[in-house]
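Subject: Structure handover and findings

Hello,

Here is the structure we talked about handing over. Please open it first, then read my notes below.

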Amino acid sequence: MGRSMIKPLDKHQLYTPCDIDRFDFETTDQLDSFKGIIGQDRAMQALHLGVNIQHDGYNLFVLGPTGLGKHTVVREYLESLPKSRETPPDWVYVNNFEKPSEPIAISLTSEHASIFRDDMHQLVEDLCSAIPGAFETDEYRLRLQEIDDELKKTIESAFGKLNDEAEASHMRLLRTPHGFAFAPVKNDEVIKPKEFDALPESEKRRIEETVNALEEKLTGILRMQPQWQREARNKVKELNREIVMFASGHLIDELKNKYKDHAVIQAYLEAVQQDVIQNLQNFRRDEETPEHMNVPLMKTPAFRRYEVNIIVDHTQHDGGVPVVTPDLPNYANLIGVVEHTVHMGALQTDFTLIKAGALHQANGGYLIIDAIKLLMQPYAWEGLKRALISRQIKIQSLGQIYSLVNTVSLEPEPIPLKVKVVLIGDRMLYYLLHAYDPEFKQLFKIAADFEERVARTAENQHVYARMIAGLLQRNNLRPLERSAVARIIEHGARLAGDAEKLSINMMDIVDVLREADYYAGESDLSVVGRAHIQRAIDAQFYRGDRIREQLQEAINRGILMIDTEGAKVGQINGLAVMQLGDVSFAVPSRITATARLGSGKVIDIERETKLGGAIHSKGVFILSSFLAERYARNYPLSLSASLVFEQSYGRIEGDSASMAELCSLLSALSDLPILQSIAMTGSVNQRGQAQAIGGVNEKIEGFFDICKFSGLTGTQGVLIPASNRVHLMLRADVIEACEAGHFAIYTYNTVDEAMEILTGDSADRINKQVEGRLLELEKIRQNLAKQDKDPSGNHEKDTD
């Protein structure tokens, strides 16, 4: 079978257009937008199960490439859940008066958190009014005067008795600037020092003994005086307590009655009442003191202790369960944090500085997190797992957990956790976590795997059109003509890399729609046409096309050596795809092969220089096995061959050039030249069969552009595996050149078919020449081996 028997593909095989006659609309305004998501039945079933099953560990990981709209789909699905579902409770933190470092967490039904806070604010305001008023009553002053009078009476009575006893002993109790003193008297007059000195010694001793006895009793009275004062103060305190209880009791009782079904609030109000009594002085201050002027009452240091710190409040929601998506899922934003303020150079904090995390906000609902963002934040992943495993949110700083700092902080009471976590990331991230984190499998049992392509059926094309209409509405863009819709569908097939598939990467589609809308606006048109879509696609490629242009320029100038005419032995044009940002393109690469006598080794120069990847090296090993299996089943290969990508200075990976390498090696062995006007791509297996490769459209267009610059001769073309034919969605200029006979696309199934096209010879002749060359090399090896055994050269002549 010669080359002429293998026909190039016709234009209908190079591109599968969208038949606009099947559309029953003129513009997308006439379409009902598609509310769901096309082709995601598997993912949506998993999402439904994960959301509704109520067992531990059934959190979700939504996986798939970027651009599929995973975040939007998940959020819209969760927000579409019935609003009738019970709204989770609000949460507040209040002061723990016994242990201020351990604030108390209180849950309240939705809307009651703010009500409770307002009740506490009102209570403090009422107490600040009622308590000072109670202490200004005549009754309080009278009872206070009674306590004071009682104290004075007790003291005066004690001193009176002592004074009477002194008088009976002819002594007098005197008050001096330095305290009390006793002096002897005679005829109601205090004896002067000279008179005392003139008294008999016996009288002096009697006076001294009397004074000593009286002073001892005086000391006893003076020692008792603090106790009497303390007793009086206690009576005042008890009176104050009684007054405070009278003034505040009914106010606090009203709140207790309002929250009679809430045991924690009941206990808290009891503690509040006791604290008010103990800190009575805070409520008796003048309202005009600087501390109260221009400062809200509950913000002053004296009354912050009665504040209610609302950390979760669902009053702003429309009902149902919360759906929370944190922008920055670091440890503090997930778990919560206790903030500090600086006062006089020192860090201070209290329960009012406790800030909620995303877990608090999503408690009782759903938490959507970008997996890669989560894993990039130190300790955030471990913190999330700890919370899910313990089923409670315990606010701790990382400094506390890892003993990094000694700053005294709060230890708020943990809050029970019931939440569904939805992680969103790519497939590799899911597989890595599943393989290397044992806790991941326990906590994320549901995987919702999003497809990136759907079958290009007539039904799906119509749904695709409705999906485009929905995208236009959501982005406030101009409607599309049906020809423009058809071009988007064709572009979707090109993005999918398959004429029988459609890409559902919404990000790429929306970008084209937005840019086409801009171009339509430039032309003052109200509807986007096919030309605007094509212009947007071309502009996207052009913006990222600088490197491709430079490489093609280097080829056109002869700096990178690529032949597009003639025929050469052991040389072929391979095709390699490069991905730079959003743009992928292909450039031809010269592959050369040499063959000589050796030990049967095919040397991959890329591998030897460590520029070849594992998959590329595998491809070379496979073609080596093919040579041995087909041509040297009964004797060893006696060749040494080398393969190289000429002028390649970067890493080579992939096996899409393995068929081209095999063909160049067969050319070197058979001494049959390969047409340089034909480039080829495809991988080979050990049976010599062609296998499909990726980027086939880019590869064809890359060689076409090189040939177009040097001039299309009608002999140029590209050879691709037959299994890649269904992937063809080529550019219009390539199709036009093929239709005109200036360029050709050939398909092949085996290496024999490829060699026939590349050399113009039959497979039988090619194989005979390869076998003949290998036998010749084997004979040379055998002769050399005989010479090594018989150095004198006396050996029989080989007559074959």
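A residue is called buried under 20% relative accessible area, exposed over 50%, and partly exposed in between (1.4 Å probe, protein chains only). By that scale E739 is exposed, because its relative accessible area is 51%.

Some ground rules. This is a predicted model, so local features need pLDDT of at least 70 and side-chain atom pairs count only at pLDDT 80 or more, while totals for chains, interfaces and linings use all residues. Residues are numbered from 1 along each chain as its sequence is written, and side-chain values use heavy atoms, with hydrogens and water left out.

Salt bridges

The structure holds 40 salt bridges. The criterion is a side-chain nitrogen of Lys or Arg within 4 Å of a carboxyl oxygen of Asp or Glu.

One of them joins the side chains of E739 and K11, at 3.2 Å from N to O. This pair links distant parts of the chain. K11 sits in helix α1 (residues 11–14) and E739 in helix α25 (residues 732–739), 728 residues apart. K11 is partly exposed, at 35% relative accessibility. Helices here are DSSP runs of H or I with at least four residues, strands are runs of E with at least two, and numbering starts at the N terminus.

A local case is R141 with D138. Their closest N and O atoms are 3.4 Å apart. Both residues lie in helix α5 (residues 138–168), three residues apart, about one turn of the helix. An α-helix has 3.6 residues a turn, so residues three or four places apart point the same way. D138 is exposed at 61% relative accessibility. R141 is partly exposed at 46%.

D733 and R731 form another salt bridge, with closest N and O atoms 3.0 Å apart. The network around this pair joins D545, R548, D705, K708, R731 and D733 through salt bridges that share partners. D733 is partly exposed at 23% relative accessibility. R731 is partly exposed too, at 27%.

Helix α7

Helix α7 (residues 201–258) has 58 residues. From first C-alpha to last, α7 reaches 84 Å, close to the 86 Å expected at 1.5 Å a residue. The expected span is 1.5 Å times one less than the number of residues. Where does α7 kink? The kink is centred on S248 and is about 45°. The bend at a residue is the angle between axes fitted to the seven residues ending there and the seven starting there.

Strands

Two strands count as paired if DSSP finds at least two bridges between them.

Start with β13 (residues 366–370). Four of its five residues are buried, so β13 is largely enclosed by the rest of the structure. Strand β8 (residues 323–324) pairs with β13 in the parallel sense over two bridges. There, V323 has Y366 as its bridge partner. Strand β16 (residues 420–425) also runs parallel to β13, joined by five bridges. I368 is partnered by V422 of β16.

Next is an open sheet of three strands in the order β4-β5-β6, with antiparallel pairing. β4 (171–176) and β6 (189–190) stand at the edges, each with a single partner strand, so one side of each is left without a neighbour in the sheet. Six bridges join β4 to β5 (residues 179–186). L173 stands opposite F182 in β5.

Then come β21 (residues 571–580) and β22 (residues 583–597), antiparallel and joined by ten bridges. L580 stands opposite V583 in β22. The hairpin has two residues between the strands, and G581 takes a positive phi near 65°. β22 also runs antiparallel to β24 (residues 639–645), over seven bridges. A595 has A641 of β24 as its bridge partner.

Surface and a distance

M428, L432 and Y436 make a nonpolar surface patch of about 380 Å². Patches take residues with over 30% relative accessible area and no salt bridge, joining like charges within 9 Å and nonpolar side chains (Val, Leu, Ile, Met, Phe, Trp, Tyr) within 5 Å. L432 is in helix α14 (residues 427–436). L432 is partly exposed at 41% relative accessibility.

Y402 is in the loop between α13 (398–401) and β15 (415–416). Y402 is partly exposed at 35%.

Best wishes

Definitions and conventions: Areas by Shrake-Rupley, 256 points an atom, 1.4 Å probe, with all protein chains shown as cover.
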